[in-house]
Amino acid sequence: MMKTKIIAVFALMNVMVLGACTKDFEELNTNPNLIEKVTPGSLVTPTIYGMSTYFSVRSYDFTWQMMQVGLPNPSVALGAHRYDISESAGNGTWNAAYKYLRNIREMESAAVTYNQPVYGAVATTLKAYITGILTDSFGDVPYSEGLLAEEGITKPKFDTQEEIYTSLIQELEAANTIYAGEGVMSGNDLLYNNNKENWRKFNNSLLMRMLLRASNKPAFNSYNRLKTMIANPATYPVFTSNAEAALVKVNGIAPYDYAWGRRQDYVNSQAMGSFFVDMLNGLEDPRRALFMTKASQIVNKVPVDLGYKGIPHGHSGDASQFGYSPSTPNGDIMYPNAVGTEILEVMMGYAEVEFIKAEVALQSSDMAAAKIAYEKGVTAAITQWKTAVMPATYFQNTKAAFNGTLEQIMNQKYLGLFFNDYQQWFEYRRTGFPKLPKTEYMLHGGVMPSRFMYHTDVKQTNLENYKIAADRIGGDNVMTKVWWEK
C-alpha cells in the first residue's frame with residue numbers, strides 16, 4: 001500500500017524542566033543552548049508539508065474514486081467508486097486534521113509569546129484551511145473545545161458547522177488586517193519563503209472559498225460579500241497568478257519525500273476513469289499527457305495505441321469485459337523517475353479563485369465578467385502543471401467556448417481541482433456538478449455519500465457529546481447532508 005508517512009513536527013518542542021532541590025542546583029544544571037519555547041515560524045513548514053502530502057494521497061485514494069477520476073484496477077469487490085464507504089473511512093482525516101491543528105494551537109501561543117502577530121495570522125490561515133476540510137468532511141466537529149485536553153477538557157463539545165464557519169470567516173477577516181500591518185516573517189516557510197503578501201492572498205482566497213461554500217445560507221450574505229471582495233482588490237488581495245497560489249513544491253529528497261514510497265505505488269493497480277478521460281478528450285486538453293498514459297489493446301499479438309481511454313466507475317467487477325489496457329496514472333506528476341525533480345502538491349490553486357469569480361458574476365448576470373473569469377480559470381488550471389501549455393485555439397472548441405452556464409464553469413472547476421484534497425467532492429455536493437454517470441452496481445441507489453462517519457473512537461471516549469452531535473445533524477451515517485448542503 002502506498003506510503004502515508006507524515007512528518008508532523010520538524011521543529012524543536014518544549015523542553016521539560018525537572019524541578020531542582022535548590023535554586024543554585026537549578027542554575028548550575030540549566031543548558032543555555034536549549035530552546036525552552038518553540039518559535040512560531042518553526043511550525044509553518046511541518047504543517048504545510050504534512051497536510052499537503054497527506055491530502056495528495058487522499059485525493060488519489062478517495063476523491064478520485066468518488067469523483068470518477070480514477071479507480072483501482074482490477075476492482076472485483078465494492079470500494080469507494082461504488083459508494084461503499086466504511087465506518088472508519090474518515091478516521092485518518094480526523095487524526096491528521098487534529099494532529100496539525102495542535103501545531104496551529106502551538107503557533108498561536110508562540111506568536112503571542114514572541115509578539116509576532118503576523119504568525120498569529122498565518123496560524124489563522126492554516127487553521128481555516130485544515131478546519132474547513134475537517135468540517136466539510138464530517139459536519140459538526142469539536143472546534144472551540146477540540147484541543148483543550150491540557151486544560152482539563154477531554155470530552156469536547158461538537159460545534160455546529162454554522163458556528164465553525166461563522167468563527168473562521170471572522171478570523172480570516174481579522175487576519176487580512178493583520179497581514180496588512182507591520183511585521184515580518186523569518187521562519188522556515190516551505191510554501192512562500194516568508195512572503196507575507198502571498199500569505200495574505202492565500203488567506204483571502206480561502207475566505208472566498210468559505211463564503212461560496214456557505215452561499216446557500218442567506219444569513220451569510222455570501223454573494224454580496226464576495227462581490228465586495230472582488231471589487232476591492234487592494235483591501236482583499238487574492239491569488240492573481242499560479243506563482244502566488246498555495247502550491248507546495250516537493251523534491252522527493254528527505255525530509256521532503258514524495259507522498260508515495262515508490263513510483264510503482266502510484267502508477268500500478270490504478271486506472272483512469274472514463275468520465276474524466278472523456279471530458280478531457282472532448283476538450284482536446286493538453287493535460288492528458290501529463291495526467292495519464294495511453295490505453296492499448298493487443299490485436300494479432302501486436303499492441304495497438306488506443307489514445308487516452310479509461311474504464312467506467314461502478315462497473316460490474318469483471319475487468320475482462322473491457323478487452324483493453326486502460327490509461328493509467330502518469331508517475332511524472334507525483335513521482336518522477338529522477339528523484340529530486342520538483343513536483344507540486346496542491347493546497348489551493350489560483351484557478352479556483354477565478355472560477356469563484358466566474359460563478360459570482362454569473363449569479364449577477366454579468367456575462368462579460370463571467371466569461372473573462374472563466375477563461376482565466378481554465379488557463380490557470382492548465383498552466384498550473386509545469387509541462388502543460390495552453391493551446392491558442394483551446395476556446396475555439398465548442399465544448400470549451402464559454403456558454404454562460406454554471407454547469408460549464410463547474411465542469412472546468414472539476415478539472416482544475418485535480419489533486420486538491422476533497423474539493424471536487426465538496427463542490428459536487430454543493431452544486432450537483434459535474435453530472436456523474438450512475439450504474440446499478442453503486443450503493444445508495446447511485447446517490448453519492450455526503451460525509452464521513454465520526455471517528456470510531458469518539459463513540460467510546462466522548463459518547464455523550466457524540467450522541468448530541470449525531471442527533472443534531474440527522475444521524476451519523478454517510479448519507480447525512482452537512483449544514484451547507486441542506
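The model is predicted.

Helix α5 covers residues 161-180. At 1.5 Å a residue, its 20 residues should span 28 Å. The end C-alpha atoms are 29 Å apart, which agrees with that expectation. An α-helix has 3.6 residues a turn, so residues three or four places apart point the same way.

Helix α4 spans residues 117-138 and holds T131. This threonine is buried, with a relative accessible area of 1%. Buried here means under 20%, so T131 falls within that class. Apart from neighbours within four places in sequence, T131 is in contact with L101, Y143, I164 and L168.

The largest nonpolar core has 146 residues. Within this core, the residues with the most contacts are W199, F202, F276 and W385. Helix α4 gives the largest share of the core, twelve residues. A second, separate core has six residues, including A271, I311, F322 and Y324. In soluble globular proteins, nonpolar side chains tend to be buried together. F202 shows which residues can surround one such core member. Leaving out residues up to four places away in sequence, F202 touches T125, Y129, L191, Y192, F239, A246, M347 and M348.

Most residues other than glycine have a negative phi, and most peptide bonds are trans. A cis peptide bond joins N73 and P74, with omega about 5°. P74 is in the loop between β1 (70-72) and α3 (91-113). Another cis peptide bond joins F433 and P434, and its omega is about 0°. P434 is placed in the loop between α14 (423-431) and α15 (458-461).

Positive phi values occur at N193 and at D421. Phi of N193 is near 50°, although the residue is not a glycine. N193 lies in the loop between α5 and α6. This asparagine is exposed, with a relative accessible area of 64%. D421 lies in the loop between α13 (406-416) and α14. D421 is buried, with a relative accessible area of 1%.

The structure holds 47 aromatic pairs. A pair of aromatic rings is described by the distance of the centres and the angle of the planes. The rings of W64 and F419 have centres 5.3 Å apart and planes at 55°, so this pair is tilted. W64 lies in helix α2 (residues 44-66), and F419 lies in the loop between α13 and α14. The pair therefore ties together parts that are 355 residues apart in sequence. Both W64 and F419 are buried.

The rings of F138 and F452 form another tilted pair, with centres 5.7 Å apart and planes at 50°. F138 lies in helix α4, whereas F452 lies in the loop between α14 and α15. This pair therefore ties together parts that are 314 residues apart in sequence. F138 is buried, with a relative accessible area of 0%. F452 also counts as buried, at 0% relative accessibility.

Arginines also lie over aromatic rings. R429 lies over the face of W425, at 4.5 Å from the ring centre. R451 lies over the face of Y454, at 4.7 Å from the ring centre.

Terms used:
Residues numbered from 1 in each chain as written. Predicted model: local features only at pLDDT ≥ 70, side-chain atom pairs only at ≥ 80, totals over all residues. Heavy atoms only, no water. Helix = DSSP H or I, 4+ residues; strand = E, 2+ residues; numbered from the N terminus. Buried < 20%, exposed > 50% of the residue type's maximum accessible area, 1.4 Å probe, protein only. Contact = heavy atoms within 4.5 Å. Expected span 1.5 Å × (residues − 1). Core = buried A, V, L, I, M, F, W, Y, C linked by side-chain atoms within 4.5 Å. Phe/Tyr/Trp six-rings, centres within 6.5 Å; stacked < 30°, edge-to-face > 60°. Lys NZ or Arg CZ within 6 Å of the ring centre and 35° of its normal.
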